[in-house]
Amino acid sequence: MKVIFDLLAASLYVSLVQNLIFNGGYGISEAVRMSAKPRKLIPLAVFMTYFSVTVSAICAALELLPKFHAKSEFFHIAVFSAVVFAVYIVTMAAVLIYGKIQPKTIRRISIAAFNTLVMAVPYINYRSAFTFMQSIGAGLGAGLAFLVAVLLINEGLKRLDLNTSVPKCFKGTPALFIYTALLSLAFMGLK
Amino acid sequence: MENFDKSQKPKEFSETRKIMLSYICVLSALAFVSVFSYGVRALIIVLISVVTAVICKKICEEISKSDYPHGDLSGLATGLMTALLLPVTVPLYIPFFMSVFAVVICMLPFGTAKNSPFVPAAASFCFAVICFGEKVFSYPLVSVGVLETEKAGTALTSLLYSGTSIKLNPAVVLEILTGQVPSAIGTGFIIMLLGALVFLLIRHPKNALPSVAFLMSSALFAVIFPRIRAGVLTSLTMEMCGGMLLFSAVFFMSYPSVIPSRLLPSVIWGAVSGIVCMAFRHFGNTEESLAFGILIMNATASLFDELPLTRKEKKKIDDSIPYEKTQEQSTVVPEEVLSEIPDLSEKEIIAQQKFENEEISTDDLHTEFHSENEITETKPSFTSGGDGNE
Amino acid sequence: MNENRNKALNERIKNLRMIRTSAVIRNPLLLEAVGLCPVVAIASTLKSAVFLALVTALELIVCEVIASKFLKNVKRYLRVPVYFLIGTVIVYPIMYLVKRFVPSLSLEFGVFLPLMAVNSLLALHCERVAVKRTVKDSFLDAVSVAVSYGAVTVFAGFFREILGNGTLGGADLHLPVTFSLMLTPFGGLLVLGFCAALLKAYIYKKYPQSSPDRAFNTSEVRRSLHGSLRELMNDDFNPYDEGEDGTASNDADTVIRYERKKVSKPKKTKQEKAKKGKFKQKKPKTETKNKDKNKDETTKNEKLRETLNKIEMQERTYLDDFSDMLTDLENYKQKEENSDEKGGDGE
């Protein structure tokens, strides 16, 4: 029971209380760009969740080794990057060999793997000294945070798209950035 | 809107102006009572906020060169709302910056007041809370109508935040209802705010219903999850009368640009907003984090419009579509026209039969019938010099 | 000799156009919303903004040159991790040196220092430009993008430090009021929003024929959210709006072009068949039934015939106009392709 509670608490913390995208700025570029392509959002969020959970789990498992835990921060960071790279290669190989999927889809998986949000999760877990289950929860929370962020920004973008009274200079990214800034302000209430 | 004729003001402009006028009437009454209670300083704060908001709005309208008609009174209403959220002891630069924030950041980039996705006054309050912290929550003591600015009072929200309750008796309730407890300039006069709600319900029922739903769900939340252990009634009184909950219900939940366009979704949205705002109050990092919840719910308002239509709404839509009777003469086809219609090929006959049996879609039928011309849609190819005439 | 001079001039014009497009009209940070994370999160002081700009410039130039030189024939799905590796190789030594010699900066950057290796700007420009162009063009593109990105970053850092801390480069400016909110992602996004508005106003004034709105494609915004995994697998997915067939694309517009497919057997259209009168004349069943109708109905039929004939005539003219438009488009496209081959186009 405690295990599930830890997992849920960590994921809720990362996705809502300390939303990685709005409060931290991680993956905000991907969130803003994907908000303009909502049809591809949910599958992309699934891939990002997969990568963040897998990488978090592997890095948290490595942290349990005393020799690894005692190493410097620089060593940790290098290993985390290597883990992301390795997970991507293994996933890509599995998809190419077993899945009936076109090779060009692999670049979509690369977007989900190599972004600041997925890369930040193991670093945050390490700095916050999360347990194994909390790390997995943080990985889940990162995917959920991305989904929530893109949904909210997409709603705003739809409103801005329909709004004919936006000044000419603010049409497009200027108004969108300010909208996202106000969303970020809203999420600071729980920080 | 580019070739908009300013002399013909659109319907949404007059609707916005109407509701802003109602807000101004109520807010002016609140401001007058606050000046009476808190003295000249309250008047100065209100004037700074209002003048700044109106001037900023004017400048923004000139900069944006909008074709939309000016004078929807949103600047004036925003200035009044911003001022009434602050305590009387607040430094004078804070209402100035709040008004600038509300107009320049929450209104200018989005065009008109009808289209701003967030309530400007709520956003400016959040800005002030983050930037100026304690200054926004330092209330003076009010005792028997006398303002003692040198003594710090403890607001109901502060007591709730620290888990302290009050002893509820008729005298205390009367003090709470008449604004005798430490609070912001315009949020303490509970009777006046309730009167404002009734006024809005009569004049703008569609806008005020979410406010009622908001209050009901907040009250339910306060009863089920009390922050203090002094009984249901005390918790309910402190939560509903403390802070800016009632003020938000009256002015923020009825703001025209943020509520869903349909009635039932707007009521549901109001109810959900109440729960979310109370959750922010419980788990927020300041004694009054309700405004942050308001901003979140402003962002999700359009999601509620996507709820399925009710039977009544469907019927209304069906009734609004003009019904065209099929004429008998449609069966009478002239010979000259008929003579030019070629016989259908075997392929086309099969396709038509499949379409009638719903085995293929209209697009497939279209491609079968127009396969002779073979006009196809190619995948997008980007030009290498895509800047206009370059 | 004239040809050589023209070639050089065309080359120069092409390079200038590319620089202008990459840096101004398709500004990656302000108009395409790429590479936002470091600017929003880290560039809250002038020092950190300058550092970020320099590191990003180095990464971009090295990455694009390497991609242009060596990665053209590498599979797409292997290129992206290579960009990440290049970013890591550049950033990690810098990170080590910063930690050792400037620990205050390292503390300020925190987690974001190693994250600079996955800047989405690298992947975008390498995929869009570097692997499709020469080394020289890629270098020019990298430099122009780096300069524009750096300029915006430094401006954002400058502004945020003054308003957020009341300092500039560490020196206290003794401002009466500061806004700590400017040091958060809110402040970064706000500054970028207003910078983007200013840039757009400048582009509309200076280059009125260009359309900066096309840098951020919002044509799919109102589509449904319910995409399935299969759609993601099999549908075309262009997160960076690159060209489909290897052409460098700075234009984010999706222009649908209609082309006539080449048909092996020339088939006669319905209009041609009708003109030659090769169809059987059908006797309408309703007419045989209505032989005994009165005069009112016959006049009604005549009126209907007239209107139907008018509609048909209109349709025929529309079809003729449409086919003329198609041939014009084809000719225009041919001309464009010919002019591209001659090297006359800037992008």
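Predicted model: local features only at pLDDT ≥ 70, side-chain atom pairs only at ≥ 80, totals over all residues.
Residues are numbered from 1 along each chain as its sequence is written, and chains are lettered from A in the order in which they are written.

**Exercise 1. Work out what chain C is built from, and how its domains sit.**

Step 1: Look at the secondary structure, with helices (H or I, at least four residues) and strands (E, at least two) taken as DSSP runs numbered from the N terminus. Chain C has 13 helices and 3 strands.

Step 2: Check burial. A residue is buried if 20 or more other C-beta atoms, placed from the backbone, lie within 10 Å of its own, exposed if 12 or fewer, and partly exposed in between. In chain C, 35% of the 347 residues count as buried.

Step 3: An automatic or database domain assignment sets the bounds, giving domain 1 (14–214) and domain 2 (294–347) of chain C. The C-alpha centres of these two domains are 49 Å apart.

**Exercise 2. Does the span of H4(C) agree or disagree with what its 26 residues should give?**

Step 1: Take 1.5 Å times one less than the number of residues.

Step 2: For the 26 residues of H4(C), that should come to 38 Å.

Step 3: Compare: the end C-alpha atoms of H4(C) are 38 Å apart, so the span agrees.

Step 4: Now pick out buried residues of H4(C), among them C:Tyr83, C:Phe84, C:Ile90 and C:Val98.

**Exercise 3. Describe the side of chain C that touches chain A.**

Step 1: Two residues are in contact if their C-beta atoms, placed from the backbone, lie within 7 Å. By that rule, chain C brings 55 residues and chain A brings 62 residues.

Step 2: Find the helices. Those of chain C that each supply at least two residues to this side include H4 (76–101) and H9 (185–206). H9(C) gives the most, with 12 residues.

Step 3: Sort the residues on the chain C side: 35 are nonpolar, 11 polar and 9 charged. Here Ala, Val, Leu, Ile, Met, Phe, Trp, Tyr, Cys and Pro count as nonpolar, Asp, Glu, Lys and Arg as charged, and the others, Gly among them, as polar.

**Exercise 4. Describe how H1(A) packs on H8(A).**

Step 1: Get the geometry. Axes are lines fitted to C-alpha atoms, for helices over the stretch in contact, and angles run from 0 to 180 degrees between N-to-C directions. Helix H1 (residues 2–17) and helix H8 (residues 132–162) of chain A pack at about 35°, with axes 7 Å apart.

Step 2: List some partners. The residues that meet include A:Leu8 and A:Leu12 in H1(A), and A:Leu140 and A:Leu144 in H8(A).

Step 3: Sort the contact residues of H1(A) with H8(A): 16 nonpolar, 5 polar and 1 charged.

**Exercise 5. Where are A:Ala129 and B:Leu73, and what is phi for A:Ala129 and for B:Leu73?**

Step 1: Most residues other than glycine have a negative phi.

Step 2: A:Ala129 has a positive phi, near 55°, and sits in the loop between helix H7 (116–127) and H8 of chain A. A:Ala129 counts as exposed because 9 other C-beta atoms lie within 10 Å.

Step 3: B:Leu73 also has a positive phi, near 65°, in the loop between helix H2 (40–64) and helix H3 (74–84) of chain B. B:Leu73 is partly exposed, because it has 18 C-beta neighbours inside 10 Å.
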